[in-house]
Amino acid sequence: MSAQILIRPLGRPGDLGWVVLAHGETYAAEFGWDTSFEALVARIVADYAAGHDPAREAAWIAEVDGERAGCVFCVAADERTAQLRILLVDPAARGRRVGERLVDECLAFARRAGYARIRLWTNHPLVAARRIYLSRGFRLVEEEAHHSFGTELTGQVYERELAPAGT
């Protein structure tokens with residue numbers, strides 16, 4: 001029996017807290033990142049919740065068999081540029097194309113919202129996410145070593161142009 005996968009808009013009670021909790025627990029377990037990463041995610045989520053423009057910004061939750069299993073946010077970086085933020089797929093849901101579906105939802109929304117390009121910031125250990133980004137036409141435009149979240153990392157900025165919706 002195959003799992004039921006649903007990508008739905010963020011907005012149910014508990015969604016915001018789950019995004020923060022899941023990021024904190026997952027990144028600590030997989031990469032040893034400290035609570036400063038969870039605090040960053042909490043700020044991103046709080047900023048979104050405090051006043052996003054629904055015509056220009058959106059977020060989604062992936063559910064597998066009715067349980068939250070992933071998320072992604074699309075926010076405005078500037079008037080012409082969307083930013084994909086805080087993509088996560090729960091380890092138990094990986095290998096089911098959940099991350100690809102979340103990124104595709106984000107890209108489709110960014111096109112419909114009229115953005116000319118989309119960008120994201122990630123870090124080098126996130127290999128599976130990078131594979132998704134590259135398969136969706138993102139290209140690496142910047143790298144910089146930094147000490148964050150209790151470890152040494154290489155931050156990476158990826159971008160891609162967006163064709164208008166319907167083209």
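Read along the sequence, the protein follows the pattern β-α-α-β-β-β-α-β-α-β-β. The secondary structure amounts to 4 helices and 7 strands, where helices (H or I, at least four residues) and strands (E, at least two) are DSSP runs numbered from the N terminus. The structure is a predicted model, in which local features need pLDDT of at least 70 and side-chain atom pairs count only at pLDDT 80 or more, whereas totals for chains, interfaces and linings use all residues. Residues are numbered from 1 along each chain as its sequence is written, and side-chain values use heavy atoms, with hydrogens and water left out.

The C-alpha trace spans about 40 × 40 × 35 Å along its principal axes. For 167 residues, a compact globule would have a radius of gyration near 15 Å, and the protein, at 15 Å, agrees; the radius is taken over C-alpha atoms, and the globule rule is 2.2 Å times the number of residues to the power 0.38. Of the 167 residues, 46% count as buried, a term that denotes under 20% relative accessible area, with exposed meaning over 50% and partly exposed in between (1.4 Å probe, protein chains only). The accessible surface comes to about 8500 Å², of which 51% belongs to carbon and sulfur atoms; accessible areas come from the Shrake-Rupley method with a 1.4 Å probe, and for residues only the protein chains shown count as cover. Among contacts (heavy atoms within 4.5 Å) with a separation of 6 or more, 64% join residues 24 or more positions apart. As an example of a separation in space, Thr-35 and Ala-116 are 34 Å apart, C-alpha to C-alpha, and 81 residues apart in sequence. Thr-35 belongs to helix α2 and is exposed, with a relative accessible area of 59%.

Helix α1 comprises residues 15-31. Its 17 residues should span 24 Å at 1.5 Å a residue, in agreement with the 23 Å between its end C-alpha atoms; the expected span is 1.5 Å times one less than the number of residues. The buried residues of α1 are Asp-15, Trp-18, Val-19, Val-20, Ala-22, His-23, Gly-24, Thr-26 and Tyr-27. Their cover includes β1 (5-9), α2 (35-51), β2 (58-64), β3 (67-76) and β4 (81-89). Thr-26 counts as buried because its relative accessibility is 8%. Beyond residues up to four places away in sequence, Thr-26 touches Leu-88, Pro-91 and Arg-94. The helix is followed by Gly-32, whose phi is positive, near 75 degrees.

The largest nonpolar core has 52 residues, and those with the most contacts inside it are Val-19, Trp-60, Leu-84, Leu-102 and Ile-118. Helix α3 (residues 98-112) contributes the largest share of this core, 7 residues. Such a core is a set of buried Ala, Val, Leu, Ile, Met, Phe, Trp, Tyr and Cys residues joined through side-chain atoms within 4.5 Å. In soluble globular proteins, nonpolar side chains tend to be buried together. With residues up to four places away in sequence left aside, Leu-84 touches Val-72, Phe-73, Val-103, Cys-106, Ile-118, Arg-119, Leu-120 and Tyr-133.

Aromatic rings were also examined. Rings of Phe, Tyr and Trp (its six-membered ring) pair if their centres lie within 6.5 Å; planes under 30 degrees apart count as stacked, over 60 as edge-to-face and the rest as tilted. By this rule there are 11 aromatic pairs. The rings of Tyr-27 and Phe-37 have centres 4.6 Å apart and planes at 45 degrees, so this pair is tilted. The pair links distant parts of the chain, with Tyr-27 in helix α1 and Phe-37 in helix α2, 10 residues apart. Both Tyr-27 and Phe-37 are buried. Trp-60 and Phe-109 form an edge-to-face pair, at 5.7 Å centre to centre and 70 degrees between the planes. Trp-60 lies in strand β2 and Phe-109 in helix α3, so the pair ties together parts 49 residues apart in sequence. Trp-60 and Phe-109 are likewise buried. One aromatic cluster is formed by Tyr-27, Phe-31, Trp-33, Phe-37 and Phe-149.

Phe-149 also has a positive phi, near 60 degrees, in a residue other than glycine. Phe-149 is placed in the loop between β6 (139-148) and β7 (151-161), and its relative accessibility of 8% makes it buried. Ile-86, likewise not a glycine, has a positive phi of about 40 degrees. Ile-86 lies in strand β4 and counts as buried at 13% relative accessibility.
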